[in-house]
Amino acid sequence: MPEEFDYVIVGAGSAGCVVALRLSEAGKTVCVLEAGPTDKDPYIQIPAGYVKNIFSTTRTWNFLSEGIPGSDGRQIKLVQGRGVGGSSAINGLIYNRGQPDDFNTWAQKGNPGWGYEDVVPYFKRSERRIGKGDARYRGFDGPLTVTDAHSRDPLCDMFVKAATSLGFPYTDDYNGDGQEGVGTWQFTIDTTGRWLIRQSAARAFLKPALKTGRVSLRANSSATRILFRDGEAVGVEYRKGGKGGPVSEVRARREVILSSGALNSPRLLQISGVGPKEHLRSLGVEVIRDIPGVGANLSDHFQLRVATKVRGLSTVNERGRGIPLAWEIAKWAAGRPSLLGMAPTLMRLFFRSDPALDNPDLQISFTPGSYQEGIPGLLDRYPGITLGGHQQRPESRGFVRARSTDIDVQPAIQPNYLSTEADQKAIIQIVRTARRILHTPTFAPHVVEEVFPGSSVQSDSEILDFARKRGGTVYHHTGTARMGPDGDAGAVVDPRLRVRGLRGLRVVDASIMPTPISGPTNAASIMIGEKGADLILEDEKAA
C-alpha cells in the first residue's frame, strides 16, 4: 500500500519549504518530494559559491529555450534550482520584495487578499531582519535572516557618489516604504554565527520543519505524475533516483501542493492531464481538466551588462584568483570579511525611464568586478567593473509546454524576450544610464575602455541589436499557472491558489503571479508560501 500523509508537496524550493514548516507547525503530516539532491554541498553554504552552483549539472535544471525571435534566434540557458532549497540554494542571495503596486495590481486584476497591505504581514512573518528597518514593513523574529552587506567595498561608495551626482536619490531600505533610488542590496545571508552562511529556504524553513517529526523529505525523487480520482488529486507518482529508478506512489489525504517553480509546475500539470486539451492530446495524455492557461503567460527579466576595464582601482578580479584568493579563503574561515562572504552583486539603483511614471521601472546592479563574456564565475584577467540592468515589469510573454510525458525530456520553453517596443526601449535606456554613471567625474578618470558592449555600439539600433545577440536571463521566471478570478479564461488557479475545476490540488510558487514583480522571485515566493499555507489551513478548517 502507498504511504499516506495529510499533504504532499512537490518541490522543496522557496515556497515549498515554507508550506512544509507551517503545515507541520499546525500538526499536519507532510511528504516533500524533491527531484534534486540534498543541500549538503559546501558550495551552497558559502555565499560566493553562487559562481559554482549556477553551472552545476546536478543542482540545477539546465533548460534550454526555443530559438527566441527577439534575441537573434538564439537558444538561451534557463537555469532553475534543482535540489533541496530550490533556487534559494543557488541564487544571487538578493532579498527584494518588489514594489507595493506590484501586489496592488494583482488585487486589481480580481484577486482579493493579494494587495500590498494584505501580503506585508506574510513578508514580515517570514523575516528576521538584521539591521535597520521600519517595523511597519519589516519583520525581526521570523526564520529567514535578511542582512546588509557584511563589509562594504570602496567601489560601492563610488557607485553611490556617481549615481547621486546625477540626481538619483539615496534610499536606505528599498524593502520599506519606497524602492526608488541608489543604495546597497540586502541579502539572505546569516551573519549571526562565526561564518557567513547562505540562508536558503531549506535552512530557514525546511530544517525546523523536519525537526517536528511530521515532515518526510524525499530527495532525488522526481514527481512523474499527479494521481487523480473523480476530479480530485489524491497523490503523486514519483521515481526514486535517476532515470530508470523504481517508481512509487505517495497519497495525500487532504491535498497535493505543486511548488516546483514556473518552469516545472506547468509541465507536471500538463503531463498529468491538466492543461490545454489539444496539447495534452498531442502528448497522448488523458485530459483530466482542460485549462488553456497552463504553461502560458511566462515572464522573465532580460538583462544586459555594461562592463569596463579600469585602472587605479582594486576590483574583485585581482582578489579572486591565485594567492589573493587563498588569503580570502583564509579570512572567511577565520570569520573575517572576505570575498567568500559576498554576493555576486552588491549595489542597486531603481529609477524611472520617464519622470511621469508613478514608480521606477528600470533597475541597475553594480558589481566591483567583471566577467569574461559576461559569465559569472569567469573573472576577467584585468581590473574591471560591471553595471547590469533590466526592465522591472517586462511586457513580453512566452510559454512552457511539455514535449513528452517522460520527465527527463526537456519542455519547450519560449520566453519571447524583447518582443514588445516597451521592452526594447527599456534595454536601450539601461545601457545609456549605465554609461552616464561611468562617465561621471567619480568613475571617468579610472575607465580605460568599455569592453561590453564596447564603444563601437552607440546608436539605439546598435544597442538593441547587441542586446538581441548578447543579452540574457536573470532567471526570474513567473506566471505560468497564473492566479485569476472566475471568468478569467487564462487563469489556472483561483485567489486561494486552488487549480480550477479540480479538488485537492493547489499551486503555491512563482507560477501563480499574474504579472511580474519588480525584483527577483525568492522573497515573493516565500511570501506566497506563507500565505498559501494559511489558505490551506483555513480551507481545511472550513471543510
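**Ground rules.** I worked on a predicted model, where local features need pLDDT of at least 70, side-chain atom pairs count only at pLDDT 80 or more, and totals for chains, interfaces and linings use all residues. Residues are numbered from 1 along each chain as its sequence is written, and side-chain values use heavy atoms, without hydrogens and water.

**Whole chain.** I looked up the secondary structure and found 14 helices and 24 strands. Both are DSSP runs numbered from the N terminus: helices are H or I, at least four residues, and strands are E, at least two. The radius of gyration is 23 Å, close to the 24 Å of the globule rule for 543 residues, so the protein chain is as compact as a globular protein of that length. That radius is taken over C-alpha atoms, and the rule is 2.2 Å times the number of residues to the power 0.38. I noted a C-alpha trace spanning about 70 × 50 × 45 Å along its principal axes.

**Burial.** I read 61% of the 543 residues as buried. Buried means under 20% relative accessible area, exposed over 50%, and partly exposed in between, with a 1.4 Å probe and protein chains only.

**Val287.** I placed Val287 in the loop between helix H9 (277–282) and strand S15 (289–290). Val287 is partly exposed, at a relative accessible area of 28%. Setting aside neighbours within four places in sequence, I found Val287 in contact with Gly273, Lys277, Leu280 and Arg281. Contact means heavy atoms within 4.5 Å. I also checked Met513: C-alpha to C-alpha, Val287 and Met513 are 25 Å apart in space, and 226 residues apart in sequence.
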